[in-house]
Amino acid sequence: MKDTFADKLPGELEKVKKLRKEYGNKVIGEVTLDQVYGGARGIKSLVWEGSVLDSEEGIRFRGKTIPECQELLPKAPGGEEPLPEGLFWLLLTGEVPSEQQVRDLSADWAARSELPKFVEELIDRCPNDLHPMAQFSIAVVALEQTSEFAKAYAKGVNKKEYWGHTFEDSMNLIAKLPTIASKIYRNIYKDGKVASIQKDKDFSYNLANGMGFADNKDFVELMRLYMTIHSDHEGGNVSAHTTHLVGSALSSPMLSLAAGLNGLAGPLHGL
């Protein structure tokens, strides 16, 4: 996937340069005082290519509807719903991946999934009445210790190389999310024991397995669909916008996602 993204990167950079050169002075909207006081509601301030959410026709991912994604994206052996790995590939590259590309991505995430021991201990030390999203944020922030981007930046890496280190951080972070979520869930609601990541299984299966529901095939399929259709949700909502905003300060993906999680934890954005 990284090679595919790298091949497309020069063309995308040129497209943005051309767009800014030709339309950089174009006014795209007016801002009222009420909008400013209303938390920037309805203000166009962010370019977001991955998805578009329309109030009438619903969401499209790279121009494709949910039913189209269900039909086109690869599925697990014997499964009926698309794998979120496939949508991740589509969002990042604009291309529908092959089954082998999705299998390779599943294996890559599984190989990156192990949590540092101190992060496990941090989660275990959280009181059970601490909101799950607060625990989630604590764990993700703590992964800053592993950030390849932060370490590379401290060494003075060239700006043109930022994306490669950010990519690695993002992949490592995504890979660890099922284990973090499962551990928090099992600590609060069950016995605290989390099943190990199965290296030959997909992302959603490992989430279901970690939570203790892998024996329920319908639940596993539900997680595959749920994770797919929630993989992107435009850029204007609180969590996506916050993640992007914090990242613009060259904060690592760990710090940026944690900020987005804190926004998502608000009662007006999902709790």
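**Exercise 1. Work out which residues of helix 5 are buried, and how they are arranged around the helix axis.**

Solution. Keep in mind that this is a predicted model.

Step 1: Pick out the residues with under 20% relative accessible area. In helix 5 the buried ones are Val102, Leu105, Ser106, Trp109 and Ala110.

Step 2: Look down the axis of helix 5. The buried residues fall within an arc of 135°, so they line one face of the helix.

Step 3: Bring in the helical repeat. An α-helix has 3.6 residues a turn, so residues three or four places apart point the same way.

Step 4: See what the buried residues of helix 5 pack against: helix 4 (84-93), helix 9 (162-189) and helix 10 (203-211).

**Exercise 2. Check the span of helix 5 against its residue count.**

Solution. Helix 5 has 13 residues, and at 1.5 Å a residue they should span 18 Å. Now take the end C-alpha atoms: they sit 18 Å apart, which agrees.

**Exercise 3. Describe the second largest pocket and say which helix gives the largest share of its lining.**

Solution. Step 1: Start with the volume, about 410 Å³. Of the 20 lining residues, Ala76, Pro77, Lys201, Asp202 and Arg224 are the closest to the pocket's centre.

Step 1: Trace the helices. Helix 5 (99-111) and helix 11 (217-229) each supply at least two lining residues. The largest share, five residues, comes from helix 11.

Step 2: Sort the lining by class. You get seven nonpolar, three polar and 10 charged residues.

Terms used: Residues numbered from 1 in each chain as written. Predicted model: local features only at pLDDT ≥ 70, side-chain atom pairs only at ≥ 80, totals over all residues. Heavy atoms only, no water. 1 Å grid on protein atoms, 1.4 Å probe; cavity = no way out; pocket = protein on both sides within 12 Å on 5 of 7 lines; lining within 4 Å. Points joined across faces, edges and corners; volume = space filled by probe spheres on them. Helix = DSSP H or I, 4+ residues; strand = E, 2+ residues; numbered from the N terminus. Nonpolar A, V, L, I, M, F, W, Y, C, P; charged D, E, K, R; others polar. Expected span 1.5 Å × (residues − 1). Buried < 20%, exposed > 50% of the residue type's maximum accessible area, 1.4 Å probe, protein only. Arc of directions from axis to C-beta. Contact = heavy atoms within 4.5 Å.
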